[in-house]
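Please look over the sequence and the model below before reading the briefing that follows.

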Amino acid sequence: MDTPAKRTSSEPGAPPARKGWRRFSSRLSSSFGLYGGTSLIVGYLSIIVLIPIAAVAAHGFSFSINTQGWGAAFWHWHFSAGFGTFWHDITQSAAISAIRLSLWLSLSVAAINAVMGVAIAWVLVRDKFPGKWFLEAFIDLPFALPTIVVGVVLLFLYGTDSPIKIDLFETWMGLMVALLFVTLPFSVRAVQPVLASLDGEAEAAAKSLGAGGFRTFLWVVLPSLWPAVLGGFGLAFARAIGEFGSISLIAGGIGRTTTASSYIYNLTQGFLWTNAAAVSTALLVLSLLILIVTNVFARRIQRRLAP
Amino acid sequence: MNHTTRKWSLRLVVILYLGLLVGLPVGYLFIKAFSSGFHAFWIEVTKPNALAALRLSGEVALIAVPVNTVVGIGAALLLAKRKFFGSRALQLAFDIPVAVSPIIIGVSLVLAYSRIGWFGSWLASNGIQILFSPIGIVMATMAISLPYVLRSVLPVLIEVGKDQEDAARTLGAGPFRTFWQVTLPAIRWGVLYGVTLTIARTLGEFGAVLVVSGNITGKTQTLPIYIFDAWDQNFDTVGAFAGALVLASISIVALIILSTLRARERKLHVDLA
């Protein structure tokens with residue numbers, strides 16, 4: 001019997017000794033916790049995300065895989081047209097102009113919101129006025145709203161029947177407003193915690209040495225903010241370049257306002273899956289690059305924020 | 001320009017920007033809702049196709065949210081405990097669905113599991129249809145809403161540390177008891193935060209679901225797709241408006257929950273994006 005006396009006989013603080021079956025089952029469950037847990041998670045991730053993404057890339061480069069049998073699936077691929085087809089698909093002029101539109105729109109949207117993000121974060125962290133909590137709550141709204149709701153709402157206000165007579169339907173301005181809307185929280189929330197963590201000692205020193213407010217901001221505050229600003233820029237850029245829902249309505253159906261995502265969607269509507277895969281691959285590579293670069297910045301910021 | 005002018009002009013610029021970009025459009029949605037009256041709204045929302053879409057959205061969330069919650073907590077426990085070979089890659093892989101266009105997520109599922117995809121003929125011979133079916137919608141939604149629980153729980157878990165778990169184990173608690181009685185209570189706000197984000201994303205997902213669902217009215221239409229269809233195909237702006245109002249109200253409730261939780265748990269602030 002497991003008496004209290006027996007328990008105290010082991011060293012104080014050490015886990016109670018387990019013997020036989022108890023020890024075996026404890027080891028089993030803890031190793032299952034590691035290996036079983038890991039493989040379950042990796043398996044789920046593979047089915048839901050990794051295998052499909054690999055399928056896009058493979059189809060994009062026109063690896064045609066014979067899936068008549070399971071064994072054949074992994075051995076019987078031929079590089080039929082390979083890179084040539086991929087290049088052909090993404091260099092079609094419509095595809096090129098869609099990707100170009102997405103690129104310059106996303107870059108300018110990320111840049112505008114990087115500047116505005118710093119301004120908004122500054123007001124939220126350093127300024128005090130009644131009703132500030134309301135602004136604070138506002139920031140996350142674009143993140144919480146479903147993209148199609150953003151699309152409907154913007155089209156109500158800035159569409160053909162605009163109550164304020166601003167018609168942005170089928171214009172790049174309309175796309176830009178939608179993208180500024182959906183990327184706003186990324187730009188603000190990336191900068192805000194870093195700004196809040198600055199203790200103000202360096203600023204006080206700069207001011208006491210005679211630097212003005214703007215000069216202090218430029219030479220003292222901004223250097224510690226810029227990794228966060230760039231991180232926010234990356235997140236906003238990634239979001240903007242893949243965005244579909246919020247711009248799908250205001251873009252209308254004309255080629256001039258067809259972004260990369262809309263172009264891919266149009267291809268799927270015509271069941272042109274290989275072409276869709278090719279353009280997707282181009283966009284995918286871009287997005288994954290941004291993800292990795294942003295991650296590096298995020299890590300740098302975390303190290304800075306850590307006490 | 002002196003200090004006060006600068007402060008006021010910055011304040012003004014920020015308020016104007018937020019007001020024009022976010023406040024005006026969202027405010028207009030609710031003003032218009034109140035002016036057109038509750039009755040008109042109710043008629044739109046209780047149309048059979050709208051109800052079917054609402055139901056499908058709910059059912060999809062009912063499957064996707066619990067699965068992603070369990071996976072997210074599991075992954076967070078794994079990543080917080082120790083660094084192992086590939087742990088950074090695993091964390092990065094969880095972020096793929098956020099970094100990649102939802103349209104591409106949809107296309108990727110089709111190219112892997114539909115009739116033209118890698119495993120299509122095998123799945124078809126076993127009577128499983130992914131494209132144009134609720135299974136595809138659930139998979140697309142799961143993919144899109146994957147990272148949120150992990151992202152919310154991991155920073156909290158790291159902050160909480162291992163001390164209490166070690167203490168519990170020293171006192172003789174097994175791994176499951178330690179999890180239920182020590183770890184889970186410590187991370188509960190993080191979990192709730194992640195679950196709220198997951199629900200919001202799940203109910204609102206549009207692009208990925210649009211590609212895989214085939215947009216069959218009354219059958220494979222979730223609420224966002226119903227809204228899109230009402231506006232884009234049927235020119236039914238009132239129906240689209242009513243649907244948008246339902247989704248907007250849900251996300252505002254979610255937003256209130258999120259900001260309450262953030263006030264409670266400091267660590268939740270950083271990892272929204």
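In this predicted model, helix 7 of chain B, which covers residues 134–144, is mostly covered, since 9 of its 11 residues are buried. The buried residues of this helix are B:Gly136, B:Ile137, B:Val138, B:Met139, B:Ala140, B:Thr141, B:Met142, B:Ala143 and B:Ile144.

**Chain B as a whole**

- Chain B contains 13 helices and 0 strands, and its elements, read from the N terminus on, run α-α-α-α-α-α-α-α-α-α-α-α-α.
- The C-alpha trace of chain B spans about 75 × 65 × 35 Å along its principal axes, and of the 273 residues in this chain, 48% are buried.
- When contacts in chain B between residues at least 6 apart in sequence are considered, 73% of them join residues that are at least 24 apart.

**Domains of chain A**

- Chain A is assigned two stretches as domains, namely domain 1 (18–78) and domain 2 (91–305).
- Between these domains of chain A, 7 residues of domain 1 are in contact with 7 residues of domain 2, and the side of domain 1 that touches domain 2 has 4 nonpolar, 3 polar and no charged residues.

**Where the chains meet**

- Across the two chains, 79 residues of chain B are in contact with 82 residues of chain A, and helix 1 of chain B gives the most to the side of chain B that touches chain A, with 17 residues.
- The residues on that side of chain B divide by class into 57 nonpolar, 16 polar and 6 charged.
- Helix 5 of chain A (residues 93–126) packs with helix 1 of chain B (residues 3–36) at an angle of about 115 degrees, and their axes are 9 Å apart.
- Because angles from 65 to 115 degrees count as roughly perpendicular, helix 5 of chain A and helix 1 of chain B are described as roughly perpendicular to each other, and helix 5 of chain A passes helix 1 of chain B in a left-handed crossing.
- On the side of helix 5 of chain A, this contact is made by A:Met116, A:Ala119, A:Ile120, A:Trp122 and A:Val123, while helix 1 of chain B brings B:Leu10, B:Arg11, B:Val13, B:Val14, B:Tyr17 and B:Leu18.
- By class, the contact of these two helices has 10 nonpolar, no polar and 1 charged residues.

**A glycine in helix 2 of chain A**

- A:Gly37 has its place in helix 2 of chain A, which covers residues 20–60, and it is partly exposed because 15 other C-beta atoms lie within 10 Å.
- Leaving aside residues up to four places away in sequence, A:Gly37 touches B:Gly74 and B:Leu78.
- A:Gly37 and A:Ala98 are 61 residues apart along the chain, and their C-alpha atoms are separated by 42 Å.

**Loop residues with a positive phi**

- A:Lys165 is not a glycine, yet it has a positive phi of about 60 degrees; it is found in the loop between helix 8 (147–158) and helix 9 (172–197) of chain A.
- A:Lys165 counts as exposed because it has 6 C-beta neighbours inside 10 Å.
- B:Phe132, which is not a glycine either, has a positive phi of about 60 degrees, and it is found in the loop between helix 6 (120–125) and helix 7 of chain B.
- B:Phe132 has 17 C-beta neighbours inside 10 Å and therefore counts as partly exposed.

Notes:
Residues are numbered from 1 along each chain as its sequence is written. Chains are lettered from A and ligands numbered from 1 in the order in which they are written. This is a predicted model: local features need pLDDT of at least 70, side-chain atom pairs count only at pLDDT 80 or more; totals for chains, interfaces and linings use all residues. A residue is buried if 20 or more other C-beta atoms lie within 10 Å of its own, exposed if 12 or fewer, and partly exposed in between; C-beta atoms are placed from the backbone. Helices (H or I, at least four residues) and strands (E, at least two) are DSSP runs, numbered from the N terminus. Domain bounds come from an automatic or database domain assignment. Ala, Val, Leu, Ile, Met, Phe, Trp, Tyr, Cys and Pro count as nonpolar, Asp, Glu, Lys and Arg as charged, and the others, Gly among them, as polar. Axes are lines fitted to C-alpha atoms, for helices over the stretch in contact, and angles run from 0 to 180 degrees between N-to-C directions. Angles under 35 degrees count as roughly parallel, over 145 as roughly antiparallel, 65 to 115 as roughly perpendicular and the rest as oblique. A crossing is left-handed if the near helix is turned anticlockwise from the far one by less than a right angle, and right-handed if clockwise.
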